[in-house]
Structures are given as C-alpha cells and as structure tokens.
Amino acid sequence: MTDDELIGILESLSLRQLHHLARGRVHRHFRLGKHRLIDVLLALPSESRAILEADVLRSQTQLAARSALLAPSSSPSSIRAPKKRPPHKPHAKHPLSSTPPPVTVPQLLEGLGVPLTQTFHPDPWQQEAVTQLATTDVIVSVPTGSGKTFVAIEATKAALKQERTVIYTSPLKALSNTKYMEFSQLFGAENVGILTGDRRDNAQAPLLIMTTEILRNLLYDAASGEVDVRLNTLGLVILDESQYIADPERGVVWEETIIFCPTQARLLLLSASIGNPQDLAAWLTSIRPVPCHLIHHQNRSVPLRGGYLHPSGMFSPLFRTRDITKGQGYTFHPETKRLASQYEEETVGHRNRR
Ligand SMILES: Nc1ncnc2c1ncn2[C@@H]1O[C@H](COP(=O)(O)OP(=O)(O)OP(=O)(O)O)[C@@H](O)[C@H]1O
Ligand SMILES: [Mg+2]
C-alpha cells in the first residue's frame, strides 16, 4: 500500500477509530489529534506498518460487510437514498449535560491575593495538639498549609516557659535556615541557635534548629556516654516534615532519632503526607514511655487550584473544576486540552519534520 493510499483510508476514519488503531502502537496516542495521529502512524517502522495496513484493510472489510448487512435488500447500495438524519432534539441528553460547565479563569483566580486582616483563632485541632503535648507525644498529620507551625510555636513557648530546651529539626538545610530566621524574630535572636552541616551559631541557646541528621548524631554520642548538656534539660523535640521516616535512604535517621530521644522529652511529629499515621502512632506508643496522640484530618484550609500556562502566555484552568480535591477524578479543562495539543503539534511535529 502506498503512503497516499494509506493516508486516504486513515483520513476517512473517525478520530475514535484512529485511536483504536493506535492502541498498543503509539505511546500516549490519546493526547494526539487526528492529523498528528495519522503522521505518527505513517512513521511506524516497516514491520509494524505492514501489520497496521493489514488491520486497516480488515476493519474496512468488516465495515463494508456490516453496511451491506444493514442495507435494505430492495435498494442496491449504489442508488441508496442518503440516510436521513434523525430530527434534531434540542434537549437530547449528552453525557456531559449533567456536569456543570467548566470553571472560567476569573472563577479560578477568585479570592487570591492578600486576605483581609482578621482576628486569629486557632483551629480546635491546633489547640488539641498543644494541650496533648503536656502529657503525651503527638503526631500531627494534616494537609499542607493547615497551620502546623502554630502548634510547633505554642509548644515551644510552653517548654521554654518551664525552662526546658527545645530542638526543632527539618530534613533540609534551607528549611532549617528559614526556621532559624522565623524563630529568631519570634523568640529573640539570643534564644535561638542553629546547627547544620554548614552552620553553627549560638549553639547553647534554649531553642536549637538543626537538621535531623545532626540531632541523630548528638543522640548517638549521648548513647555512647558523651551526654551533651543540652540533652539533660531537653523538654521538646519537634520533627518537621516527618514523612521522611518513609524515605528508603534517610528514613533510618528519623527512626533512630525517635528511638534514642530522651524519655523526659515530648516528641512532636509534623507532616502533611504520612500515609499511615495510625501505624506510626502505634509504634511510638509501643517504644516510648508515654502514649502517642494522633491528630489527623484531611480538610484543606487552603484549596489547591491548578492552572496551565502555555509558553505563549495563554493561561487556562487545568481542570474543569476549581479545587483540586483529593479522591475525585480529574477532568482536564477543554481549553487546556486544546492548548496542550496545539503546543504538542507545534513542538513534537516540528521536531519530527526536521
Ligand atoms: N487557625 C488559623 N487560622 C487562619 N490562618 C492560620 C491558622 N493557623 C495557621 N494559619 C496560617 O496558615 C498559613 C500556613 O501555615 P503553616 O506554614 O503553619 O502550614 P503548615 O501546615 O506547616 O504547611 P506545610 O505542610 O506546607 O509545612 C500561615 O500563613 C499561618 O499563619
Ligand atoms: Mg510546615
């Protein structure tokens, strides 16, 4: 079959039939439009092309046989009257007719910006976490942007008030530096120190920011008899981003830190993304002298919104609905689909033509 013959046949097929043909032959074919799909099918290597041609011919034969069967026997196909379109039903039920119209760009951006000033009221779960820390270890597993830092700050205030030392750890030097600045402003520079691989400032301060690896090493030294004076008065250890415990390489650092954490200190684990916080709480309860209280919810105080920015500067909502909500299926916004396939046409198509 020549290229022109194959193109002729492929062009006569519907997009749906083309996708059917492309299944198993073209990677991510569902993202391609009709012309692009035909180009890609034509560019298949010769052995795949031969099988494609055979499939195309077979489906053509089947189609022809089916139309012959359906044709009224009294009228030969050559003079068959054009098939009458069914009368137009203005309210015919379309599969998407029950779904709401896709969100518009102004709707997507509505409410973004600096919020109006209002009185701060802690959420009940924040209050609960702070209260619980007086008697138990606590795991806070709530979505990102919910206000876990408030719990860390209030618990730190309570511990410092009782003249206990506080250690706050994060998995990243950059995050430790940010927290060092934030907490220095809040508690006064003289009360805050930092210990990371790169930095060591005010190391005898009552509130110390460090990477989790540094704390683990301090605890190792203490276990071998070199007790750091700061550990004697330790009242609270905050492990931020504690989902790292599941990290295949670094997770052991969090495990050892928890295991070696002095018994008199309370542990506060913060995370937005622990998959099994109940299991972690049960493990802590089994190895620590006090029970572990779990605070877990999935209500987002800050809705997640998704947008698509085309290199031309065009912007459209990523999905049909405004909020990216957990547990619901996502349907791409029609405008985003159009822009994305246009972009692909311009870039991939251009690359292939070279
Ligand atoms: N109860 C509250 N009411 C209103 N705003 C709050 C409340 N608690 C915290 N916030 C604000 O929410 C924002 C996000 O808080 P924070 O940085 O503590 O979130 P987070 O849970 O630590 O998120 P991440 O998982 O990204 O670390 C901050 O600007 C904070 O001031
Ligand atoms: Mg945080």
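**A walk through helices and aromatic rings**

In this predicted model, helix α2 (residues 15-22) packs with helix α3 (residues 34-42) at an angle of about 30°, and their axes are 10 Å apart. Angles under 35 degrees count as roughly parallel, so that is how α2 and α3 are described relative to each other. Their crossing is left-handed.

Now let us turn to the aromatic rings. Searching the whole structure gives 6 aromatic pairs. One of them joins Phe 120 and Phe 150: the ring centres are 5.1 Å apart and the planes lie at 40°, so this pair is tilted. The pair links distant parts of the chain, 30 residues apart, with Phe 120 in the loop between α5 (105-109) and α6 (124-132) and Phe 150 in helix α7 (residues 148-161). Phe 120 is exposed, having a relative accessible area of 54%, whereas Phe 150, at 17% relative accessibility, counts as buried because the cut-off for buried is under 20%.

Another stop is the aromatic pair of Phe 183 and Phe 187, which is edge-to-face, with 6.0 Å from centre to centre and 85° between the planes. Both residues sit in helix α8 (residues 173-187); they are 4 residues apart, so about one helical turn separates them. Phe 183 and Phe 187 are both buried. Together with Tyr 168, Phe 183 and Phe 187 form one aromatic cluster.

Conventions
Residues are numbered from 1 along each chain as its sequence is written. Chains are lettered from A and ligands numbered from 1 in the order in which they are written. This is a predicted model: local features need pLDDT of at least 70, side-chain atom pairs count only at pLDDT 80 or more; totals for chains, interfaces and linings use all residues. Side-chain values use heavy atoms; hydrogens and water are left out. Rings of Phe, Tyr and Trp (its six-membered ring) pair if their centres lie within 6.5 Å; planes under 30 degrees apart count as stacked, over 60 as edge-to-face and the rest as tilted. Helices (H or I, at least four residues) and strands (E, at least two) are DSSP runs, numbered from the N terminus. Buried means under 20% relative accessible area, exposed over 50%, partly exposed in between (1.4 Å probe, protein chains only). Axes are lines fitted to C-alpha atoms, for helices over the stretch in contact, and angles run from 0 to 180 degrees between N-to-C directions. Angles under 35 degrees count as roughly parallel, over 145 as roughly antiparallel, 65 to 115 as roughly perpendicular and the rest as oblique. A crossing is left-handed if the near helix is turned anticlockwise from the far one by less than a right angle, and right-handed if clockwise.
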